[in-house]
Amino acid sequence: MTLPSPASQPRGKALRLHLALARIWASDQRIRGWFTSSNNNDIGSLFLIVATSFFVIGGILAMLIRAQLATPDSAFMEPQVYNQIFTMHGTVMMFLFAIPFFEAMSMLLLPGMLGTRDMAFPRLGAYGLWVYIFGGSAVIIAMLMGLAPDGGWFMYPPLSSAAFSPGIGADVWLLGITSIEVSAIATAIEVIVTVLRYRAAGMSLSRMPIFAWYILVVSVMILTAFPPMILGSLLLEVERALNWPFFQVENGGDPLLWQHLFWLFGHPEVYIIFLPAAGMIATILPVMARTNLLGYGWVVAAAVSLAVLSFGLWVHHMFTTGIPHMGLAFFSAASTLVAVPTSVMIFSWIGTLWKGRARMGLPMLWIMGFFATFVIGGLTGVMLAVVPFNWQVHDTHFVVAHLHYVLIGGYVFPMIAAIYYFMPLLTGRTRFFKLGEVAFWLVVPSFHITFLSVHMAGLLGQRRRTWTYDADQGWTALNLVASIASFVMAIGFALTILDVAVNAFVAVRGRRNPWGAGTLEWAGAIPSPAYGFASIPIVQGRYPLHDDPDLALHIARGEGYLGDASRIRRETLIVSTARGEPLQVVVLPGNSVLPFLLAVVTSTSFLAPLFDAYIVAGLALVAVVALALVWAWGLGGRVDEGHVDAGHGAMLPLASECRDPPGWWGSVFLLLADGVHFGSLLFGYAFLWTVAPNWPPHSYLQPQLWAVIVALTGALALTAGPRLAVRAIAKGGTAWPAITLGIVGSLALAIAAASVMLDRPGPARHAYDATLWLLAGHVGLHTILSAIMLCYLAARVAAGYASPARIGEAGIVKLWADFTVATGLVALAAAWLPGAFA
Amino acid sequence: MLTCALAIFFFVMALIFAALYRPPNPSVCGRNESGTRVWIWGLGVGFPLVTLAALTAYGLFIGERLLPREAPDLVTVQAQARQWAWTFRYGEDRAIATDGVLHIPAGRPVNVEITSTDVIHSFWVPRLAGKLDAIPGHVNVLRIEAALPGTYGGQSAEFSGRGYREHVFTVEAHDAASWATFLAEGTQ
């Protein structure tokens, strides 16, 4: 960028800008600030601390498991207790630690890497955090009360059904996990919109830091992998609570449906956990090797293809369920194929090491630990993809050891590297106490001793999830060694956490960019202030700090975009998705207690059914809708501001006066997840129809002509209404007749859906009826949502929040209405067609 | 498989150590264009494709031999799992039943029709074959064959709740004569 020489700038400009921005972006410094802040630094830190706490809890559970298995015929725990402990260990580590931890890291780091000031939806981030805290705490509290689930972390029915798991343990799991999935989806949408729209000027997609690519891929995966799991949880919870027989064979259900839905989520989940760690390695390793990443484009391509392939592999967790031989061959080949993109990444990193001059240091040490561990985990993974071998070691400790190699080696080690690497940025301090090296040499060797022994025990036939073993089974020595080493490893992890905590609070202040990195997160002040950048940087390459060593100074002086705090509000830049040209100025919302309150009522609606408090749950749902409307009402404005000065002579429109505000983008991706959820429901319907025993049902639903006509008319009205409304608002005309048309249309569709339920009153009779109710329920829920949105739109128009420029909200409502019509018609067709042609 | 895996592991580790401790002059592999060719195409794509193709073919070949194919002297038995016991049935009309012990003839292929009456279990006799799940509403067929008469340990291999560890059974492989006796006694 062409900038005036630093000498011509008045001194103190940077300081004045800093003070002005700090005031605008500051969160409440009192205690209540923790509940009202939506700043990515605050949310990310809290997220990180909570996720680490869950890691400690999961670690303690692991120690209990190893204590139990240390000696044969152990009397330490009864099987009932042991079953709860290992179920909770898996659940806590997978759902409460691994996913939230990288979400925390991306909230802390993404805005800096992308050169923007905050995440796209700060309040949504806060909401996701609180839902996670409430859901996670509920699961832990239930465990402390002895009410934990005990069916293994993948909860196969019928073992997890009401008949074989009475009590609320399984419900705690299902509802707790669902609330955490809601939080993950909220965060994923936030990350995607941030990466696609909120970047530095000139940062085209090909100039993005590699971590942004990885986290973008991961977030899209979350939106496509979590919905099948959410559907599975919904089916199981409904079966447990209302006896709708989705997994009961005698009434047309099939327990295998759960396994498909679970692993449709579960396998991508493994890569959802691995890819952020890989993104960290691809970020850190080149800097530590004093060079740039080798084959940037290839690594991006590998990450994308890994994501795509991971959705074709779920069946390899089900090789022993009696899959036809051709299916086995296909999924076996696909499972081995996934090693190719992984190996592209690994060799790109090793090639990067060859290209540069590596320096050791604690982050690099942990990355070496990653290589030594993950490569073994990958190789045993390839072994597991070979069906005959899989048939022997499935459900033994070999699998347990494999997954710990992959998850600890492939996720925990790189994340520790990332913590140490980014510590100067996050805390502003340089590591002073050198406990970390000791901890590393405690963790990595003892990790290998532990899990090599566990591998061996598995090969010798020790089954996972057995609460003890006999002395004459020949596993005594292996298990004792594994247990002792695992305790050493636990001490090592504890020292690591201690080292990070001590250095974060009391170490010496460090200088900016200690590693000599080239990416933007190191161009701001350290520790990162609430506003991130004093002005939005202008970049011309992948490594802007290498291109312009004085970049930090220019940014601090306000010489990028929006380097002027005179409008006294939280502004940042929106750029075009592909090329990164400045497009809009967006005003981010300030501190608010709304996300916290909304999380409280959301969690209440999830958790109240545990205690059969269905009325409370219903009231909480009403409160969710009400608060969401209050939240949305507070955004936007009543007058057109026109274009505002963004600096560098650019006059840009406000995002709220554009046709595609961030909320529109967020809706697109939320509807993607919703669509996948609906697709999973159709998959379940087709699966039960073709695979489950006791099908077809005794009789089919007969479509009634009036209902079909009402549905088609309603669909037409709901399609036309929002369109006409958008057109009317764009022309400054009267919108309420068109909005009314839309509302009538959504009500008509709802009536058609209700007719399905009325015609088959008895969803508990057969899985067919239960599925029809769910299809109709999908239509009903979305028509109600559409109607609420349309009413809200009418109120906004009446209150003066809409204008030919401020038309974004109407566009969002149109998007939701279109989705309702499309999935509604498909759902009703799926319900009616079999009966029409039978 | 283990040998190959170890070889690959040490190869990768050697590459990393060589990268860390080699003399500081930039080598041929260091430049970007040739680096991409060597690291991404050669090692990243080519290397796993070749090894994996071989491994998958090998796995499919072995898997093919495990298929329950037609055989003239085939015996079919039924294995029914429940929490936490196994019932085995024999004969044309499944008239003979034993609990906890599966009787089979040695030296003859046996198809085990596996199912469950409650939750999911898994039939596993490590020395005779891999495991196959017992799923309510489904019947999975596993081919086993005991080369010699004798007793083989079997166990369930899918977590099934409190009694999972004790959910075991034995397989009794008979020679031709005692197999005939077993069938004759059972029919009486």
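Helices (H or I, at least four residues) and strands (E, at least two) are taken here as DSSP runs, numbered from the N terminus. The model is a predicted one, so local features need pLDDT of at least 70 and side-chain atom pairs count only at pLDDT 80 or more, while totals for chains, interfaces and linings use all residues. Residues are numbered from 1 along each chain as its sequence is written, chains are lettered from A and ligands numbered from 1 in the order in which they are written, and side-chain values use heavy atoms, with hydrogens and water left out.

A:Asp73 sits in the loop between helix 3 (40–69) and helix 4 (79–114) of chain A, and its phi is positive, about 50°, although the residue is not a glycine.

One joins A:Pro157 and A:Pro158, with omega at about 5°; A:Pro158 lies in the loop between helix 5 (122–144) and helix 6 (169–197) of chain A. Another links B:Gln83 and B:Trp84, with omega at about -10°, and B:Trp84 is in the loop between strand 1 (75–82) and strand 2 (85–90) of chain B.

On to the strands of chain B, where two strands pair if DSSP finds at least two bridges between them. Five strands make up an open sheet of mixed pairing, in the order 3-2-1-5-8. Strand 3 (96–99) and strand 8 (140–144) stand at its edges with a single partner strand each, so one side of each has no neighbour in the sheet. Neighbouring strands of this sheet are turned by 25° against each other on average, direction ignored (axes are lines fitted to C-alpha atoms). Within it, strands 2 and 3 run antiparallel over 4 bridges, and B:Phe88 stands opposite B:Thr98 of strand 3.

Strand 9 (residues 150–156) of chain B pairs with strand 6 (residues 121–124) in the antiparallel sense over 2 bridges, and B:Trp124 has B:Gln155 as its bridge partner.

Terms used
Axes fitted to C-alpha atoms, helices over the stretch in contact; angles between N-to-C directions.
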